[in-house]
Amino acid sequence: MAEENKVTLYGTWSSPYVKRVELALRLKGIPYEYVEEDLRNKSQLLLKLNPIHQKVPVLVHNGKAIVESLVILEYIDETWKTGPQLLPEDPYKRSQVRFWASYLQQVSESMVSVLKTSGEAQEKAIKEVTEKLKLLEEGLKGFFPNGFPNSFDTENVGLLEVVICSHLGANEAQEEALGVKVITPEKTPLIYSSITALTEIPAVKAASIPHEKVVTFLKFFREKALKSSAE
């Protein structure tokens with residue numbers, strides 16, 4: 001029976017999409033085994049588990065593979081009723097959570113563009129991120145009308161908060177690696193306070209990557225991207 005209920009997460013430590021799943025598992029108190037994958041040398045098992053995209057995360061439960069991070073999050077929420085409910089019961093509220101979770105992915109992709117560029121291209125990317133963060137700030141007011149932490153219950157962290165934390169939780173490391181601040185209490189007070197509150201949750205702290213390790217990775221990623229674009 002224990003083997004039937006075994007949960008294994010295949011991922012790579014630097015992926016925010018893997019971090020989404022890890023946070024959900026921890027918040028719900030679901031025991032799992034973590035397997036680190038080298039995406040430069042993908043294992044045959046990963047290719048077998050996710051033959052279409054050949055990416056992480058992959059969650060294996062009862063011997064069956066589930067892929068795509070948002071799909072995995074909904075699977076976790078529907079399969080395990082312990083811990084916080086990730087998606088609300090109300091259909092409209094669920095649709096809004098899904099929309100902004102998807103939008104956060106766009107914000108994250110724009111932030112990657114900031115990391116990969118310099119000069120005028122980077123200035124353009126920073127402007128794009130800033131505009132998207134403004135829209136996100138306004139969108140979050142519908143979920144947290146009284147701000148953080150007044151509208152936030154640390155015992156009931158939902159899917160949207162999980163995605164916020166996984167994509168924006170390392171903002172200080174990003175700032176150090178880039179020397180640019182895009183999330184501040186003055187410009188984006190709700191986003192800033194939400195990150196501050198979420199990163200203090202014990203389950204989130206337990207899943208956090210050391211700050212210096214993230215900074216080192218981001219600097220390496222940036223140097224490699226700039227070198228590649230110059231060739």
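Student: Which strands does helix 1 (residues 16–27) lie across, and at what angle does helix 1 run to strand 1?

Tutor: Happy to start there, and keep in mind that this is a predicted model. Helix 1 lies across strand 1 (7–11), strand 2 and strand 3. Its direction relative to strand 1 is given by an angle of about 155°.

Student: In what order do the four strands of the open sheet come, and which are the edge strands?

Tutor: The pairing in this open sheet is mixed, and the four strands come in the order 2-1-3-4. An edge strand pairs on one side only.

Student: In what sense do strand 3 and strand 4 pair, and which residue of strand 4 does His 61 stand opposite?

Tutor: Strand 3 covers residues 58–61, and its pairing with strand 4 is antiparallel, over four bridges. The residue of strand 4 that stands opposite His 61 is Lys 64.

Student: Are helix 6 and helix 8 roughly parallel or roughly perpendicular to each other?

Tutor: Good one! Two packed helices are described by the angle between their axes and the distance between the axes. For helix 6 (residues 159–168) and helix 8 (residues 189–198), the axes are 10 Å apart and the angle is about 95°. Angles of 65 to 115 degrees count as roughly perpendicular, so helix 6 and helix 8 are roughly perpendicular.

Student: Which residues make that contact, and how do they divide by class?

Tutor: Helix 6 brings Glu 161, Ile 164, Cys 165 and Leu 168, while helix 8 brings Ile 191, Ser 194, Ile 195 and Leu 198. By class, the residues of this contact are six nonpolar, one polar and one charged.

Student: How much space lies in the largest cavity?

Tutor: With a cut-off of 30 Å³ or more, the count comes to one cavity. The space in the largest cavity is about 120 Å³.

Student: Which helix gives the most to the lining of the largest cavity?

Tutor: The lining residues include Met 111, Val 129, Asn 171, Glu 175 and Ile 183. By class, the lining has eight nonpolar, two polar and one charged residues. Helix 4 (91–116) and helix 7 (171–178) each supply at least two residues of the lining. With four residues, the helix that gives the most is helix 7.

Technical notes
Residues are numbered from 1 along each chain as its sequence is written. This is a predicted model: local features need pLDDT of at least 70, side-chain atom pairs count only at pLDDT 80 or more; totals for chains, interfaces and linings use all residues. Side-chain values use heavy atoms; hydrogens and water are left out. Axes are lines fitted to C-alpha atoms, for helices over the stretch in contact, and angles run from 0 to 180 degrees between N-to-C directions. Angles under 35 degrees count as roughly parallel, over 145 as roughly antiparallel, 65 to 115 as roughly perpendicular and the rest as oblique. Contact means heavy atoms within 4.5 Å. Ala, Val, Leu, Ile, Met, Phe, Trp, Tyr, Cys and Pro count as nonpolar, Asp, Glu, Lys and Arg as charged, and the others, Gly among them, as polar. Two strands pair if DSSP finds at least two bridges between them. On a 1 Å grid over the protein atoms alone, a cavity is a set of points where a 1.4 Å probe fits but cannot get out, and a pocket is an open set with protein on both sides within 12 Å along at least five of seven lines; lining residues have an atom within 4 Å of a point. Grid points are joined across faces, edges and corners, and a volume is the space filled by probe spheres set on the points.
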